[in-house]
Amino acid sequence: MSRRIAVAFFYDEHGIVDDYMVHLLKSMKPFVERTVFVSNGQLTSDSMSAVKAVADEVLIRENIGFDVWAYRDGLEHIGFENLSQYDELILYNHTFYGPIFPFSEMFEKMEAMPLDFWGISMHGRLELNPFTLNGELPAHINSHFIAIRKKMFLSSHFSKYWKEMEKIESYEDSILKHETRFTKYFNELGYKSDAYIKPEDYGSFYPVFIDVAETIANRSPILKRRALFHKSLFHDHNAIDVQSFKFVGRKSAFG
């Protein structure tokens, strides 16, 4: 089995780490030797205790740069040169519930594939970029979970990518300057990628978000949290139905 290290990003304006995140961290432990938990903001004392029980290290940083700069600070804390003792680096965040089905199914399938990086889900190419209304939105692995292998994370390309990261000041910045850029950037350098859940296997450009029932029927290990509170017009336009996956209050069904 691959030796893995993870940077897990989290943010809550009240500093409360809900049960679903603690459960996610616990569920990742069998597959990850070391987890650096990065929070953009202080945590309550109870939340800090809960996280320390399941993560190896906790970094508290100012709430700037969204998940992109949190990932970068986590990597700098570890030290790019210190990644050499691992086979795979995972960057994941708090924006999904899981695992609905065992992560072992996903890791077993993806470990057998000759890749340089991979993710849980992929967003398909759009001819018109909805954020800029100009040019295309490239196909990309969603940044809520990306696994990078040694050939890539030990390269000068990888450290340069993070060290030269532009300032991230908005949600749109995080998408345009990182999420939709990362996959294309490294693919064009010759690194090979794939995803566990892909648009070509479904009927939409973003199946883990739009084809919720179908992806879960096919044993998707996650449910995107945004599927429960995104704009109703988007839900109506794409016929998204998540009624059977609603959660009550701040507690999730997974912990």
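The model is predicted: local features need pLDDT of at least 70, side-chain atom pairs count only at pLDDT 80 or more, and totals for chains, interfaces and linings use all residues. Residues are numbered from 1 along each chain as its sequence is written, and side-chain values use heavy atoms, with hydrogens and water left out.

**Overall make-up**

- The chain has 10 helices and 10 strands; these are DSSP runs numbered from the N terminus, helices being H or I with at least four residues and strands E with at least two.
- Of its 255 residues, 53% count as buried, where buried means under 20% relative accessible area, exposed over 50% and partly exposed in between (1.4 Å probe, protein chains only).
- Among contacts in the chain with a separation of 6 or more, 70% come from residues 24 or more positions apart; contact means heavy atoms within 4.5 Å.

**Aromatic rings**

- Rings of Phe, Tyr and Trp (its six-membered ring) pair if their centres lie within 6.5 Å; planes under 30 degrees apart count as stacked, over 60 as edge-to-face and the rest as tilted.
- By this rule there are 22 aromatic pairs.
- The ring centres of Tyr92 and Phe145 are 6.2 Å apart and the planes stand at 35°, so this pair is tilted.
- This pair links distant parts of the chain, 53 residues apart: Tyr92 is in strand β4 (residues 88-92) and Phe145 in strand β8 (residues 145-149).
- Tyr92 and Phe145 are both buried.
- Tyr161 and Phe186 also make a tilted pair, because their ring centres are 5.3 Å apart and their planes are at 50°.
- Here the partners are 25 residues apart, with Tyr161 in helix α6 (residues 156-163) and Phe186 in helix α7 (residues 171-188).
- Tyr161 and Phe186 are buried.
- One aromatic cluster is formed by Phe80, Phe117, Phe158, Tyr161, Trp162, Phe182, Tyr185, Phe186 and Tyr191.
- The charged end of Arg72 sits over the ring of Trp69, 4.5 Å from its centre; the rule asks for NZ of Lys or CZ of Arg within 6 Å of the ring centre and within 35 degrees of the ring normal.

**Helix α1**

- Helix α1 (residues 19-28) is mostly covered, with 7 of its 10 residues buried.
- Those buried residues are Tyr20, Met21, Val22, Leu24, Leu25, Ser27 and Met28.
- His23 lies in this helix and is partly exposed, with a relative accessible area of 25%.
- In sequence His23 and Val54 are 31 residues apart, while their C-alpha atoms are 9.0 Å apart in space.
- Met28, also in α1, is buried, with a relative accessible area of 1%.
- Not counting residues up to four places away in sequence, Met28 touches Ile90, Tyr92, Phe103, Phe107 and Phe145.
- Met28 and Pro102 are 74 residues apart in sequence and 9.9 Å apart in space, C-alpha to C-alpha.

**Contact of α3 with α7**

- Helix α3 (residues 66-78) packs against α7 at an angle of about 60°, with axes 7 Å apart; axes are lines fitted to C-alpha atoms, for helices over the stretch in contact, and angles run from 0 to 180 degrees between N-to-C directions.
- That makes α3 oblique to α7, since angles under 35 degrees count as roughly parallel, over 145 as roughly antiparallel, 65 to 115 as roughly perpendicular and the rest as oblique.
- Phe66, Asp67 and Val68 of α3 make the contact with Tyr171, Ser174 and His178 of α7.
- These residues divide into 3 nonpolar, 2 polar and 1 charged; Ala, Val, Leu, Ile, Met, Phe, Trp, Tyr, Cys and Pro count as nonpolar, Asp, Glu, Lys and Arg as charged, and the others, Gly among them, as polar.
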